[in-house]
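Me: Hi! Could you walk me through this structure in plain words?

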Amino acid sequence: RLTAKRLFSTSHSSVDSAEMKKFQLLAHKWWDEEGEFSALHSMNDIRVPFIRDTLLNMSSNYHLGSPLSGVKILDVGCGGGLLSEPLGRLGASVTGIDPLEDNIRTADQHKSFDPVLAKRIQYKSSSLEEIVEESMETFDVIVASEVVEHVADLEMFIKCCSQVLKPEGSLFITTINKTQLSYVLGIVVAEKIMGIVPEGTHEWEKFVPPEELEHLLKSYGFSVQTVNGMLYNPLSGSWSWMESTSVNYALHAVKAGAQGHSSPTGALSELESEQPSATAGT
């Protein structure tokens, strides 16, 4: 209750209190794979390999069986831990944050069933702004999956991401474009007709075009490496990569290095040529 009170009274916060109330009603349903979050469960089939393969292409130093061992990841808006857990299974040290205490309680309870995950993942009921001071340039990777379309202040959110990410660290974002097609598919079809997600989950006005996101990222010292379109098939309940970013898309950006140069090393330029085949195979 104290956390919620503090979040609502924060004068400069990216947390949207109306969005919090929406997700509070669903906090106990995160791990129901057939329920309201089924599309997020199946999104792991492409977003986890996208994160893993991109990071492996940038590094020659990884452990077989635990490819992300030694990588410190911040999962922003982690919800019930749907993305934190598979990243933890890949060996990463994951910190999941969410402003909603009920979500963190659900995530904590679920990870407790697996002793390995219990050691690798820690969850905090916190907004991104609240951890900036204690976590300046702490993380190798930030993931913000299906989050930026729910924040109150996108610019502040990107600024905070830059502050807690190490130089040359990676930022992964998945979100929804702001197009007529995304309104029809993301709101009319998904919410009102098919009920894939609860009605009122999304507001079209808060959807973010990739161009706007890229511009913001560049202004805070990021170099955008990849933008891939994503498509959800409600009949099969599965996601796939596509060229068009007109509905959903995934973005990977790299923070500039200590000298102000972003890090297209040999591994990153290699990523440009390898990424399409890597994603096509997932």
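Me: What kind of model is it, and how are residues numbered?

Reply: This is a predicted model, where local features need pLDDT of at least 70, side-chain atom pairs count only at pLDDT 80 or more, and totals for chains, interfaces and linings use all residues. Residues are numbered from 1 along each chain as its sequence is written, and side-chain values use heavy atoms, with hydrogens and water left out.

Me: Thanks! How many helices and strands does the chain have?

Reply: There are eleven helices and eight strands. Both are DSSP runs numbered from the N terminus: helices are H or I with at least four residues, strands are E with at least two.

Me: And what share of the residues is buried?

Reply: Of the 282 residues, 53% are buried. Buried means under 20% relative accessible area, with a 1.4 Å probe and protein chains only.

Me: Which residues have the most contacts inside the largest nonpolar core?

Reply: They are Leu68, Ile73, Leu87 and Val143, in a core of 37 residues. A nonpolar core is a set of buried Ala, Val, Leu, Ile, Met, Phe, Trp, Tyr and Cys residues joined through side-chain atoms within 4.5 Å. Helix H3 (38-58) is one of the elements that supply at least two residues each, and H3 gives the most, eight residues.

Me: What does leucine 68 touch?

Reply: Leaving out residues up to four places away in sequence, Leu68 touches Leu55, Ile73, Leu87, Leu90, Gly91 and Ala92. A contact means heavy atoms within 4.5 Å. Another core, of 30 residues, lies apart from the largest one and includes Val76 and Ile131.

Me: New topic: what order do the strands of the sheet have?

Reply: The open sheet of eight strands runs S3-S2-S1-S4-S5-S8-S6-S7, with mixed pairing. Two strands pair if DSSP finds at least two bridges between them.

Me: Why is one side of S3 and of S7 left without a neighbour in the sheet?

Reply: S3 and S7 stand at the edges and each has a single partner strand, so one side of each has no neighbour there.

Me: In which sense do S1 and S4 pair?

Reply: Strand S1 (residues 72-76) and S4 pair in the parallel sense, over three bridges. Ile73 stands opposite valine 141 in S4.

Me: Which strands does H8 touch?

Reply: Helix H8 (residues 154-164) packs on the sheet and touches S1, S4, S5, S6 and S8.

Definitions and conventions
Buried < 20%, exposed > 50% of the residue type's maximum accessible area, 1.4 Å probe, protein only. Axes fitted to C-alpha atoms, helices over the stretch in contact; angles between N-to-C directions.
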